[in-house]
Amino acid sequence: MKIAQSEKMFEQAAKVIPGGVNSPVRACRSVGCTPLFIERAEGATLYDVDGNSYVDFVCSWGPMILGHSHPQVVAAIRAAAGGGTSFGAPTPAEITLAEMVVEAVPSVEKVRFVNSGTEATMSAIRLARGVTGRKKVVKFDGCYHGHADSFLIKAGSGLLTLGIPGSPGVPEDIVKNTISLPYNDVNAVTQALDDEGHDVACVIIEPVAGNMGCVLPAPGFLAELRRLTAERGVLLIFDEVITGFRLAYGGAQELFGISPDLTCLGKIIGGGLPVGAYGGKAEIMDSIAPDGPVYQAGTLSGNPLAMAAGIATLRQLQQPGFYQELNDRATRCAERLREVAKRCGLPVQINGIGSMMTLFFCSDPVTDFTSAMRADTGLYAKHYRNMLSQGIYLAPSQFEVAFISAAHTPHDLEKLEKMTEWSFKNLADK
Ligand code: PMP
């Protein structure tokens, strides 16, 4: 595989962009590779600047559930762009997308659009603090809620990949208001809320974790969180930036039948353009300015191009049977990968739900941050390089999710399975 152009561009980028990238994991350091510079993408295929092509299982880290350059989404963006790119004033498209989100997500009665998942979670905890008058936030080890100060404590995603436990620049005064607990540990939550509940504004969680790899909530865990928080006047926030419109049209809350107080969205609702959103019960959302005193604003929020891309994407997701078909195909694929692992005798755990999955190189089940950390990242790096050499583009970190999109053909999934078998045999031989 020739990547001379990418190598040259990476060198050039590193002179003017820290690490040569605009988001850390893209630098591919933990897998020991040069990041590929992408020229274009269509369906499930990425094309790099050296003319190589790859079947893409990163899907822009989640948004591209329809695959790349979906004709209807691209047409909607083109049409919107022709009418102007930003007005700083309300537009009809914002109402349409807000109505679609409210109709889709069971617990959301009102929604405010922002520009990223980070903005959504940051604003949601401000709102929770504002309405409860309490300071503390409970989160879970290995979950990632964006890069706002309050969340950079035992966080997942790039911090986990790079082994950064927190971040310089986050004041101690802020850290002391975040309590991070083990995922799936009801006793730890009960204890923390018993001890500090009067001071806890909210519990925020990825209802299916995607940022320490894919980790499922244990049966009953989310229901217990709902019960424990409701009893103590603590708001429950579902960070559905990944799971929203991914696991089901109404997200994880529809799938598990749990109603959080606030929900954070991003990724899919922007159809690949920069969007986030937070929403919830009207009585809580009415505390946001200008109706209420909790301040949050954005020059580009509700951007017409982003709204158009979101609306066009959601319209596709509304097609009858969309999720059933996507989830069935992905589940069968995960099943076949488990068989491959068994045949090759490699200690591998495949965690998956719907069209999300992670292949962990370890022998025990992965149920939280501690068990995820037992995965062999060196073996993952080798597997990653093997797969890349065969035209399969996986996340450049053990602690991320592989996404299946509606654009992945049976042939793409067969190729994934075949190449996985080849890579596993290669790893087992060494
Ligand atoms: N929450 C979750 C669950 C996420 O996965 C992410 C990003 N991967 C974020 C929040 C932050 O979103 P963004 O990168 O758009 O700021």
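This is a predicted model: local features need pLDDT of at least 70, side-chain atom pairs count only at pLDDT 80 or more; totals for chains, interfaces and linings use all residues.
**Ground rules.** I count residues from 1 along each chain as its sequence is written.

**Domains.** I looked up the division of the chain and found domain 1 (4–69 + 321–429) and domain 2 (71–317), with bounds that come from an automatic or database domain assignment. Their C-alpha centres lie 25 Å apart. The contact takes 32 residues from domain 1 and 35 residues from domain 2, where two residues are in contact if their C-beta atoms, placed from the backbone, lie within 7 Å. On the domain 1 side, β12 (356–360) is among the elements that give two or more residues, and β12 gives the most, with four residues. I noted that this side divides into 17 nonpolar, 13 polar and two charged residues; Ala, Val, Leu, Ile, Met, Phe, Trp, Tyr, Cys and Pro count as nonpolar, Asp, Glu, Lys and Arg as charged, and the others, Gly among them, as polar. Helices (H or I, at least four residues) and strands (E, at least two) are DSSP runs, numbered from the N terminus.

**Helices α3 and α11.** I then turned to α3 (residues 92–104) and α11 (residues 304–317), which pack at an angle of about 40° with their axes 9 Å apart; axes are lines fitted to C-alpha atoms, for helices over the stretch in contact, and angles run from 0 to 180 degrees between N-to-C directions. That makes α3 oblique to α11, since angles under 35 degrees count as roughly parallel, over 145 as roughly antiparallel, 65 to 115 as roughly perpendicular and the rest as oblique. The contact includes Leu97 and Met100 of α3 and Met307 and Ile311 of α11, and by class it has eight nonpolar, two polar and one charged residues.

**Helices α12 and α15.** The axes of α12 and α15 (residues 410–429) come within 10 Å and cross at roughly 20°, and the two helices are therefore roughly parallel to each other. I listed, among others, Arg329 and Arg336 in α12 and Glu417 and Glu421 in α15 as residues of this contact, which divides into nine nonpolar, one polar and five charged.

**Ligand.** I found 17 residues around the ligand, the closest being Ser116, Gly117, Thr118, Gly146 and Val241; a residue is near a molecule if its C-beta atom, placed from the backbone, lies within 6 Å of it. Helix α4 (residues 117–132) gives the most to this shell, with three residues, and the shell divides into four nonpolar, eleven polar and two charged residues.
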